[in-house]
Amino acid sequence: MGKISSPPNNDYCPQTLFLYGTYDQQKKADFGLFCWFSYIWDKELGVMCCIGGNKLTLENIRRDRVFSANIVTEGILAEADYLGCVSGTDPDKMNIDIEIGKGEVLDVPVLNDSPVTFELEVTDFIEKDDGTIMLCKIRNVLQDESLSSDESVAEKLLKIRPVKTTAQTYLGYDGKNLGRWGEPMKTLNKNMSDG
């Protein structure tokens, strides 16, 4: 197979989506949508993630050094898309119909409709020109009780249907195109709360 050169991209490397949950300075929960998330090993399983640019989520994480990472599923994609498209500085951003809980180990907000939530503590910030890499300890994993069944990992993944993204497109667990960034949230108008 022949190869051609192209500009730097990650178009063929879809990544799982997470809603990062933090508290702002007034202890109000905020969630932002991110996908630069992977795993590390340092005597135990940990997480590395990166946030590019200047975002409220990053400010909150820098201040408190803790956050939750809530896996995004097809069932909550519209809400996740909205939370990813609306700036954290918008005072009405969190006027959305979602159920927010609390972490079991860390003081972090969690999204109750997410089937898997990591409670993360940042151990290291690595500052780059326009992005921050965070190395984190996993202090707890909250998961739906149904995931403790004897089903195979494949069956459990098929049940929760995590969403991936690449090339500004959402992809379902089976690879189906679920829309471009900003499209799924358009279905929320009837579900938005009055705040």
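Me: Why is Lys102 called exposed?

Reply: The model is a predicted one, and within it Lys102 has a relative accessibility of 56%. The word exposed is kept for residues over 50%, so Lys102, at 56%, counts as exposed.

Me: What makes the pair of Asp107 and Lys102 a salt bridge?

Reply: A side-chain nitrogen of Lys or Arg has to lie within 4 Å of a carboxyl oxygen of Asp or Glu, and for the side chains of Asp107 and Lys102 the N to O distance is 3.7 Å. The value is within the limit, and therefore the pair qualifies as a salt bridge.

Me: Which parts does the pair of Asp107 and Lys27 tie together, and why can one say so?

Reply: The side chains of Asp107 and Lys27 also meet in a salt bridge, at 2.7 Å from N to O. Asp107 lies in the loop between strand E7 (100–102) and strand E8 (109–111), while Lys27 lies in the loop between E2 and E3, so the pair ties together parts that are 80 residues apart in sequence.

Me: What makes Lys159 and Glu151 a salt bridge, and how does one know the class of each by accessibility?

Reply: The closest N and O atoms of Lys159 and Glu151 are 2.7 Å apart, and because the limit is 4 Å, the two form a salt bridge. Lys159 has a relative accessible area of 41% and is therefore partly exposed, and Glu151, with 31%, is partly exposed too. Elsewhere, salt bridges with shared partners join Lys27, Lys102 and Asp107 into one network. By the same rule, the count comes to 10 salt bridges.

Me: What makes E3 and E4 edge strands?

Reply: The open sheet has 7 strands in the order E3-E2-E6-E9-E10-E5-E4, with antiparallel pairing. E3 and strand E4 (37–41) are its edge strands, as each pairs on one side only. From one strand to the next, the twist averages 35°.

Me: How do you know that E5 and E10 pair?

Reply: Pairing asks for at least two bridges between two strands, and 7 bridges join E5 to strand E10 (residues 131–143), the two running antiparallel. Therefore E5 and E10 count as a pair.

Me: Why can Leu45 be part of a nonpolar surface patch?

Reply: Leu45, placed in strand E5 (residues 45–52), has a relative accessibility of 44% and so counts as partly exposed. Together with Tyr39 and Trp41, Leu45 makes a nonpolar surface patch of about 380 Å².

Technical notes
Residues numbered from 1 in each chain as written. Predicted model: local features only at pLDDT ≥ 70, side-chain atom pairs only at ≥ 80, totals over all residues. Heavy atoms only, no water. Patch = residues over 30% accessible without salt bridge, like charges linked within 9 Å, V, L, I, M, F, W, Y side chains within 5 Å. Areas by Shrake-Rupley, 256 points an atom, 1.4 Å probe, with all protein chains shown as cover. Helix = DSSP H or I, 4+ residues; strand = E, 2+ residues; numbered from the N terminus. Buried < 20%, exposed > 50% of the residue type's maximum accessible area, 1.4 Å probe, protein only. Axes fitted to C-alpha atoms, helices over the stretch in contact; angles between N-to-C directions.
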